[in-house]
Amino acid sequence: MGSRRDFIKISAVGVGGLAVGLPMARSLAYQAVEADSFPYAEMMRTPTYCEVCFWKCAGWIHKNDKGELWKITGNDHDLHSNGRFCPRGTGGVGMYHDEDRLKRPLMRKTVNGKQVFEEVAWDEALDFIARRMKEIASVHGPECTALFTHGSGGKYFGTLLRAFGSPHIAAPSYAQCRGPREVAFQNTFGEGVGSPERTDIRDTRCLVLIGSHLGENMHNGQIQEMSDAIDKGATIITVDPRYSTAASKSKYWLPIKPATDLALLLAWINVIIEEELYDRDYVERYTYGFEQLKNHVATMTPQWAYGITTIKPEVIRETARAMGHASPAVIVHPGRHVTWYGDDTQRLRAVAILNALLGSWGRRGGFYRPETVTVPEPTTPEYPTPSRSWRTEFPDLYRLSDTVLANGVCDATIPDPSRGCNFKTWIVNGTNLIETLPNQENTIKAIESLELMVVIDTMPMEITGYADVILPECTYLERFDEIRVSLHREPQIALRMPAFKPKYDSKPGYWMARELSKRLGLEAYFPYEKQEDLLDWQLKELGSSLEEMMRIGVKTFKRPYDDLYFAPDEEVEFWTNTGKIELYATAFEMEGFDPLPVYTPHEEPPAGYYRLNYGRAPMHTFSRTANNPNLTDLMDENSVWINPKVAWEWGLVNDQYIHLRNQDGKRSEFPIRVRITERIRWDSVYMVHGFGHDRKQLTRSYGRGASDTNLITKVLVDPLMGGTGMRGNFVTFITELEEDKS
Ligand SMILES: Nc1nc2c(c(=O)[nH]1)N[C@H]1C(S)=C(S)[C@@H](COP(=O)(O)OP(=O)(O)OC[C@H]3O[C@@H](n4cnc5c(=O)[nH]c(N)nc54)[C@H](O)[C@@H]3O)O[C@H]1N2
Ligand SMILES: Nc1nc2c(c(=O)[nH]1)N[C@H]1C(S)=C(S)[C@@H](COP(=O)(O)OP(=O)(O)OC[C@H]3O[C@@H](n4cnc5c(=O)[nH]c(N)nc54)[C@H](O)[C@@H]3O)O[C@H]1N2
Ligand code: SF4
Ligand SMILES: [Mo]
């Protein structure tokens, strides 16, 4: 193992690794002992839930008559998909087939003075990890171990970490995604929005999308409900500087000047109050702070907002009236990836306030009350009580965050004399932190300070290049996983089971976590050797069984109460300080933050620069699908959207390759193709996230398109909860590809 001082990103299985005979031989011998026949080989159709994104649609994996993978379809009883998968979900077959998959455990070793990854047997990899975890914890404490995880298998690594004595489990779906929304809604309604969102889109009469690009954002159930709502005549209002798919379906498209949404929201609140378009009974019965709000927005007129947002006053009024007339069957959509400009919690507070005024929370066509199922857990010893938390390192910061921040852990890993301790071990499961966290230099600096980094992944993604040990997980088509329980209108469970034996020498996360627990003396936290026995026990406790779930895939239970919406005269107790919906956020005030949202202007792009805007493509998920053989067929690189006026000024033509360079001089690693389109404002450019991979082992996606993360060096951190605003970066164009090699 190379020391961290000569740490480098290594990109390939070293020549040494391939040539070394012993570990391979051990690995194969090990397989022979382990390999029992695959018990589900005869099943022509096995249940699963999709892992291509986090909507977790339940479906079926079908085999052809040779027993090979044929196709994946939706389960008709599933509330997330209603039996229909999105193109990415169907393309899940590509995850199984991808020949670039991680195949065997790899360890960083020094061979002839050079660091390489060497293939090793599972025993060697796991023994090494457990030994190093113990050694490092004996010096720095177990709390210096952090888990970053996104996706289903992470649960069991979480158990391992807690059992080991660390509370530091972080997911990029909080501070890089929906954290500000959850904090804003918790501090207004006493509850977050959750996932899938509790939006009652199918019955709404007016849907307001503020940068929610449903259509590119392919969250299945929402898209289906949105098209149902459109069929039933709902008014769609889309606020987006880009002409998105949703904009094309909308009655009103408000091409707002980027970064000014809070001004629009405040002006809408102003009109709704001034013109008495709000739900008076609801506001009187349920809310706290109406008078303060009214005074606060008194001067925030449409005329005021026009100067900021470029949206005409009459359009602001007209759209406010459309919402008011649809009330309470109106949804001002809370969005999902909301970490934009650093004042995101306050922007989402304005969204929450609007919904409260319109009486949509708890109402049909607004936000319903979701239900879920609680899965019982086997009795295990108590977790040890950690003596430190990441908060120790950031005592004054991000006080309203209710979870461990991925970026917080990253920052607390970089040695800093003002802090007492730093993280020393990272376990990274199913998250490509290099592309996922903004400011790559910072992420890499943190990784360089580590003593141990273990990466569990299915693909040789960027993050694996920095690992000490890489553990290959089998894909979701080859494993059991925890029972899917998520929020929905009805309580429902779904099963994921293996359709095939794991390819190569890959293994399920459950097995890895349990094997590590044995080596760490923590086996008591994993009382079931086989995951299927754990699942069977859990399912029986819930009144089903593994046998039943293997046949039906999803099971729906009855809601215990008929309370999907508030009853007409229901007295509702909200989990806020006042027990009311807080238009005026008392918890914010107590923490020294604005109890009512205040608009403050954001930095503008300097001359010759354009705001870097990014988002999704319907056929890809983040960086995880860029190499998927089925999905690269549909789209194999991203392009940069440029307004015709700007293209003309720069002499750019369609399909020309250029580089982008940001305000800090950071240049895109790979060139990107120009797409000239009226669909983007002249002050911004747009690109799809997840491309521009720099790992040669990703044979289909290496060097295809550019990475937005590369160009996000400036991070606008939300002072309330630590969300990482990523839309404050500006880029210019480099057309001379050959000359600029700096
Ligand atoms: N620049 C920029 N950054 C962003 C965003 C953006 O739009 N632009 N979006 C943000 C948002 S909204 C989110 S939610 C996050 C998402 O962040 P991530 O979840 O980190 O996104 P991915 O890039 O898909 O990385 C997933 C990783 O999991 C691996 N993987 C896939 N399936 C499995 C599996 O079954 N087991 C294991 N162990 N690994 C698996 C993939 O190979 C990949 O390395 O990113 C955030 N960061
Ligand atoms: N196909 C596909 N679908 C996905 C995903 C995926 O990877 N692929 N990821 C899923 C996940 S985890 C998430 S979090 C969601 C993310 O998807 P969403 O929450 O829908 O969207 P965002 O990424 O926040 O926003 C992208 C849109 O915001 C617009 N925008 C940019 N700046 C501004 C601005 O200043 N104001 C306004 N009003 N709009 C602006 C952009 O033009 C773009 O249309 O998508 C989910 N669905
Ligand atoms: S929305 Fe598509 S990719 Fe996401 S879980 Fe459902 S089928 Fe899979
Ligand atoms: Mo997300």
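In which loop is the place of Pro196? Select the loop between H7 and strand S8 (206-210), and Pro196 is there. Helices (H or I, at least four residues) and strands (E, at least two) are DSSP runs, numbered from the N terminus.

**Before going on**

This is a predicted model: local features need pLDDT of at least 70, side-chain atom pairs count only at pLDDT 80 or more, and totals for chains, interfaces and linings use all residues. Residues are numbered from 1 along each chain as its sequence is written, chains are lettered from A and ligands numbered from 1 in the order in which they are written, and side-chain values use heavy atoms, with hydrogens and water left out.

**Stop 1**

A cis peptide bond links Ser195 to Pro196, with omega about -10 degrees. Next, select Ser327 and Pro328. They too are joined by a cis peptide bond, and omega is about 5 degrees. Pro328 sits in the loop between helix H14 (313-326) and strand S12 (330-332). Now pick Tyr398. Its phi is positive, about 50 degrees, although Tyr398 is not a glycine. Look for Tyr398 in the loop between helix H16 (390-393) and helix H17 (406-411). Most residues other than glycine have a negative phi, and most peptide bonds are trans.

**Stop 1**

The contact (heavy atoms within 4.5 Å) takes 10 residues from domain 2 and 11 residues from domain 4. Between them the two domains bury about 820 Å², 60% of it on carbon and sulfur atoms. Buried area is the accessible area (1.4 Å probe) that two parts lose on being put together, summed over both. On the domain 2 side, select Val52, Phe54 and Arg88. These lose the most area to domain 4, together 47% of what that side buries.

**Stop 2: ligand 3**

Keep Val52 and Arg88 selected; both are among the residues around ligand 3. Others there include Cys50, Cys53, Cys57 and Cys86. A residue is near a molecule if one of its heavy atoms lies within 4 Å of it. The shell divides into 8 nonpolar, 2 polar and 2 charged residues. Here Ala, Val, Leu, Ile, Met, Phe, Trp, Tyr, Cys and Pro count as nonpolar, Asp, Glu, Lys and Arg as charged, and the others, Gly among them, as polar.

**Stop 3: ligand 1**

Select ligand 1. It has 29 residues around it, and the closest are His150, Thr436, Asp457, Glu473 and Ser623. Show the side chains. An N or O atom of the Thr431 side chain is 2.7 Å from an oxygen atom of ligand 1. A polar side-chain atom of Thr436 is 2.7 Å from an oxygen atom of the ligand. Asp708 has a side-chain N or O atom 2.9 Å from a nitrogen atom of ligand 1. Taken alone, ligand 1 exposes 930 Å², and the protein buries 98% of that. Accessible areas come from the Shrake-Rupley method with a 1.4 Å probe; for residues, only the protein chains shown count as cover.

Which element gives the largest share of this shell? Select H7, which supplies 3 residues. By class, the shell has 10 nonpolar, 12 polar and 7 charged residues. Domain 1 and domain 4 each give at least three residues.

**Stop 4: ligand 2**

Move to ligand 2. There are 31 residues around it, and the closest are Asp240, Asp261, His337, Tyr341 and His620. Zoom in on Asn217: an N or O atom of its side chain is 2.8 Å from a nitrogen atom of ligand 2. At Ala259, a backbone N or O atom lies 2.9 Å from an oxygen atom of ligand 2. The protein covers 99% of the 920 Å² of accessible area that ligand 2 has on its own. Domain 3 and domain 4 each give at least three residues to this shell.

Notes:
Polar contact = N/O pair within 3.5 Å; in protein donor to acceptor, adjacent residues only side chain to side chain. Domains from an automatic or database assignment.
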